[in-house]
Amino acid sequence: MIKRINMISLSVVLTIIVFIATTAVQRFFVSYEPTVKVLVAVQDIQANRSLDRFMFKTAEAPVSLVMNLKVIKKLEDIRDRYSVETIHKGEILRDEAIAFKNEVKIIEVEQGKEKISIKVRAPENAVSYQIKAGDKVNLYFTGRYGLIKYLSAKKEIYLPNSQNLKNDDYSSVKILDNLPVLGIFDDNGNALGDSRRDAKIDTVVFAVSHEDSIMINSLKGQGTFDITGLPY
């Protein structure tokens with residue numbers, strides 16, 4: 001009986017040894033490579049999209065495939081993130097392809113409004129660096145009086161005193177009031193906040209109606225815009 005038990009034990013030990021040896025040989029000839037967990041897109045994702053866990057699946061990728069990439073490994077790491085570029089189905093999610101909302105300069109507007117940017121000629125045209133996102137402002141246009149007079153026929157705006165003004169004379173008029181500032185940016189497209197008051201303002205973004213967006217776009221290149229701040 002004891003001899004039989006010893007034979008069984010010996011068989012088990014030999015089986016384990018053979019398994020380990022076979023696995024080692026397979027790894028040697030098959031060039032076994034360790035893997036790392038990654039997230040893979042299960043659909044095409046356009047830029048500036050809010051990300052959720054149903055857009056990705058977890059997978060194992062060879063280390064050599066991602067060794068030079070900073071990849072996202074866990075679903076919880078995409079929380080509150082947005083895509084900054086198009087992510088294609090089957091693509092491994094990289095860290096540089098996603099960012100937080102404030103980092104990708106996503107500006108959301110209400111239904112029926114359009115985003116439009118106004119180029120500021122100089123700091124004094126935008127309250128000398130004193131405006132920031134969330135402020136309320138008035139928007140003025142300076143151009144030839146003939147154009148402003150034509151504009152007043154299309155939109156209810158208060159015409160400046162027309163006495164002695166000719167069509168080629170320059171004048172200023174308020175075209176929109178109480179506009180919320182959605183964002184301000186420098187000439188490199190960087191968003192400016194309270195910590196960037198020393199940077200030069202280049203453009204200011206607003207949300208306006210479709211009709212007002214047509215008006216503003218038609219005035220670009222025909223004069224300059226000025227912004228005045230309103231009390232809180």
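Predicted model: local features only at pLDDT ≥ 70, side-chain atom pairs only at ≥ 80, totals over all residues.
A residue counts as exposed when its relative accessible area is over 50% and as buried when that area is under 20%.

**First stop: E110.** Select E110, in the loop between strand 4 and strand 5 (114-119). Is E110 buried or exposed? Its relative accessibility is 57%, so E110 counts as exposed. E110 and A207 lie 97 residues apart in sequence, yet their C-alpha atoms are 8.2 Å apart in space.

**Second stop: R94.** Next, select R94, which belongs to the loop between strand 3 (81-83) and strand 4 (98-100). Like the previous stop, this residue sits in a loop, but R94 has a relative accessible area of 16% and is therefore buried. Which residues does R94 touch, leaving aside those up to four places away in sequence? Display L69, K70, V71, I72 and E85 to see them. With E85, the side chain of R94 also makes a polar contact of 2.3 Å.

Select helix 4 (210-219) and colour D212, S213, M215, I216 and L219, which are buried. Why do these residues lie on the same side of helix 4? They cover an arc of only 160° around the axis, and this places them on one side of the helix. The spacing can be understood from a general rule: an α-helix has 3.6 residues a turn, so residues three or four places apart point the same way.

Then show what covers the buried residues of helix 4. The covering elements include helix 3 and several strands, among them strand 5, strand 6 (136-144) and strand 7 (170-180). Strand 9 (203-208) and strand 10 (223-229) are also included. Before leaving, select G221, which follows helix 4 and has a positive phi, near 85°.

Finally, display the largest pocket, whose volume is about 180 Å³. Select its lining: L147, Y150, L151, K154, K155, E211, D212, M215, S218, L219 and Q222. Which helix gives the most to the lining? Helix 4 does, with five residues. Colour the lining by class to find five nonpolar, two polar and four charged residues.

Definitions and conventions: Residues numbered from 1 in each chain as written. Heavy atoms only, no water. Helix = DSSP H or I, 4+ residues; strand = E, 2+ residues; numbered from the N terminus. Buried < 20%, exposed > 50% of the residue type's maximum accessible area, 1.4 Å probe, protein only. Polar contact = N/O pair within 3.5 Å; in protein donor to acceptor, adjacent residues only side chain to side chain. Contact = heavy atoms within 4.5 Å. 1 Å grid on protein atoms, 1.4 Å probe; cavity = no way out; pocket = protein on both sides within 12 Å on 5 of 7 lines; lining within 4 Å. Points joined across faces, edges and corners; volume = space filled by probe spheres on them. Nonpolar A, V, L, I, M, F, W, Y, C, P; charged D, E, K, R; others polar. Arc of directions from axis to C-beta.
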